[in-house]
Amino acid sequence: SLGRRRSFLATASVTFLAGVVSAASTSMVMLGVCRMFVGFGTAGLHVIPTLLMEFTPVEHRGCANMALQAFWAAGVFLECLLSWLTTTLHISWRVFLICSASPLGILLLLQKLIPESPRYLLLQDERRHRQSGLQLSSPATAALEVEDSKAFA
């Protein structure tokens, strides 16, 4: 299990890299493949609401989720505005793609500020305790515990 933070950063990395490489495309096929990877990366961004909800107190989760969705809608609006500006001002589509990928680039530069999911950390701690317990137990008991932990992993 990667954890939500690593999953989020992996999808953000794929989306960012594919977005930047698509701006440097030399053919329609290359552009199409790069945009396909942007779509794959974007599909993994569903981790964001889950990660946010784990840090939000229960009584504020509805409001926090609604704010997140509002920012998502604002981002879509800004992307449309950027598209309109680059088209109207006759700016290259390559500039549009780089500008579209730049927020993820900033996010990747600031990735140390994104905490790991508390649930993931709790599960990792349980696994560490389980492994340290295995070292203290008899070989027969250790074998049973390993099989049992595989069933629940």
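The structure is a predicted model, so to speak a computed one, in which local features need pLDDT of at least 70, side-chain atom pairs count only at pLDDT 80 or more, and totals for chains, interfaces and linings use all residues. Residues are numbered from 1 along each chain as its sequence is written, and side-chain values use heavy atoms, with hydrogens and water left out.

Let's start with helix α1, residues 4-23. (Helices are DSSP runs of H or I with at least four residues, numbered from the N terminus.) The axes of α1 and α2 come within 8 Å and cross at roughly 160°; axes here are lines fitted to C-alpha atoms over the stretch in contact, and angles run from 0 to 180 degrees between N-to-C directions. That makes α1 roughly antiparallel to α2, a label used for angles over 145 degrees. The crossing is left-handed, a term for a near helix turned anticlockwise from the far one by less than a right angle, with clockwise giving right-handed. On the α1 side, T11, V14, T15, A18, G19, V21 and S22 take part, and they meet M30, L31, C34, R35, F37, V38, G41 and T42 of α2; contact means heavy atoms within 4.5 Å. Sorted by class, these are eight nonpolar, six polar and one charged residues. (Ala, Val, Leu, Ile, Met, Phe, Trp, Tyr, Cys and Pro count as nonpolar, Asp, Glu, Lys and Arg as charged, and the others, Gly among them, as polar.)

Helix α1 also packs against α5, with the axes 8 Å apart and an angle of about 155°, and the two are therefore roughly antiparallel. Here, too, the crossing is left-handed. Residues of α1 in this contact include F8, L9, A12 and F16, while those of α5 include W93, L97, I98 and L104. The contact has 13 nonpolar, five polar and one charged residues.

Next comes α4 (residues 61-88), whose axis comes within 10 Å of that of α5 (residues 93-109), crossing at roughly 160°. These helices are therefore roughly antiparallel as well, and their crossing is right-handed. E79, L82, S83 and T86 of α4 touch F96, C99 and S100 of α5, which gives three nonpolar, three polar and one charged residues.

(A pocket is an open set of points on a 1 Å grid over the protein atoms alone, where a 1.4 Å probe fits, with protein on both sides within 12 Å along at least five of seven lines; lining residues have an atom within 4 Å of a point. The volume is the space filled by probe spheres set on the points, which are joined across faces, edges and corners.) Of its 26 lining residues, L45, W72, G75, S100 and L104 are the closest to the centre. Helix α4 gives the largest share, nine residues. The lining divides into 17 nonpolar, seven polar and two charged residues.

Definitions and conventions. Angles under 35 degrees count as roughly parallel, over 145 as roughly antiparallel, 65 to 115 as roughly perpendicular and the rest as oblique.
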